[in-house]
Amino acid sequence: AVVESELRGALQVLKGDDFRDGDEWYSEKSAVLEFFSEIDGITINGVDIITWNDAGLITHFKVMVRPLKAINTLHQKMGEYLMSVGAVKGR
């Protein structure tokens, strides 16, 4: 449930009008998918790194974002979203 909440939060925060896909790189059981977005005037550039097993099920999912200013903004906005939906303790 935690992973699902975080993925929903990332979609809510990143998938605005400024979101766009970038390049894609594939191998037999993995992919790297680049994306761009903008939040509060800060350009975000990131990649999703995904691997899967023989059954086609995802076994590893990593998101990397740059620059540091974008990471900090994304962290803040996702925290706000997760708190608003009660996905984070302390509400």
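The paragraphs below lead from the overall fold to the core, the strand pairing, the salt bridges and a surface patch.

This is a predicted model, in which local features need pLDDT of at least 70 and side-chain atom pairs count only at pLDDT 80 or more, while totals for chains, interfaces and linings use all residues. Residues are numbered from 1 along each chain as its sequence is written, and side-chain values use heavy atoms, with hydrogens and water left out.

The protein chain holds 2 helices and 4 strands, where helices (H or I, at least four residues) and strands (E, at least two) are DSSP runs numbered from the N terminus. Along the sequence these elements follow the pattern α-β-β-β-β-α, and the C-alpha atoms fill a box of roughly 40 × 30 × 20 Å along the principal axes. The chain exposes about 6500 Å², of which carbon and sulfur atoms supply 53%; accessible areas come from the Shrake-Rupley method with a 1.4 Å probe, and for residues only the protein chains shown count as cover. Of the 91 residues, 23% are buried, a class defined by under 20% relative accessible area, as against exposed (over 50%) and partly exposed (in between), again with a 1.4 Å probe and protein chains only.

In soluble globular proteins, nonpolar side chains tend to be buried together. Here the largest nonpolar core has 10 residues, namely Val13, Leu14, Phe35, Ile39, Ile42, Ile44, Val65, Ala70, Leu74 and Met78; such a core is a set of buried Ala, Val, Leu, Ile, Met, Phe, Trp, Tyr and Cys residues joined through side-chain atoms within 4.5 Å. Two or more of these residues come from each of α1 (2-14), β2, β3 and α2, and α2 gives the most, with 3 residues. Leaving aside neighbours within four places in sequence, Val65 is in contact (heavy atoms within 4.5 Å) with Phe35, Ile44, Asn45, Gly46, Ala70, Ile71 and Leu74.

Strands β3 and β4 pair in the antiparallel sense over 8 bridges, pairing being assigned if DSSP finds at least two bridges between two strands. The two strands form a hairpin with 5 residues between them, and Gly56 in the turn has a positive phi of about 85 degrees. Within this pairing, Ile50 stands opposite Phe61 in β4.

Side chains of opposite charge can pair when their charged atoms come close. The whole structure contains 2 salt bridges, each requiring a side-chain nitrogen of Lys or Arg within 4 Å of a carboxyl oxygen of Asp or Glu. In one of them, Lys29 meets Asp54 with the closest N and O atoms 2.1 Å apart. Because Lys29 lies in the loop between β1 (20-27) and β2 (30-39) and Asp54 in the loop between β3 (42-52) and β4, the pair ties together parts that are 25 residues apart in sequence. Lys29 is partly exposed at 32% relative accessibility, whereas Asp54 is exposed at 69%. The side chains of Asp40 and Lys77 also form a salt bridge, at 3.1 Å from N to O, and this pair links Asp40 in the loop between β2 and β3 to Lys77 in helix α2 (residues 68-84), 37 residues apart.

On the surface, Leu7, Ile58, Phe61 and Val63 form a nonpolar patch with about 360 Å² of accessible area together. Patches are made of residues with over 30% relative accessible area and no salt bridge, like charges being joined within 9 Å and nonpolar side chains (Val, Leu, Ile, Met, Phe, Trp, Tyr) within 5 Å. Strand β4 (residues 58-66) gives the most to this patch, with 3 residues. Phe61, which has its place in β4, is partly exposed, with a relative accessible area of 38%.
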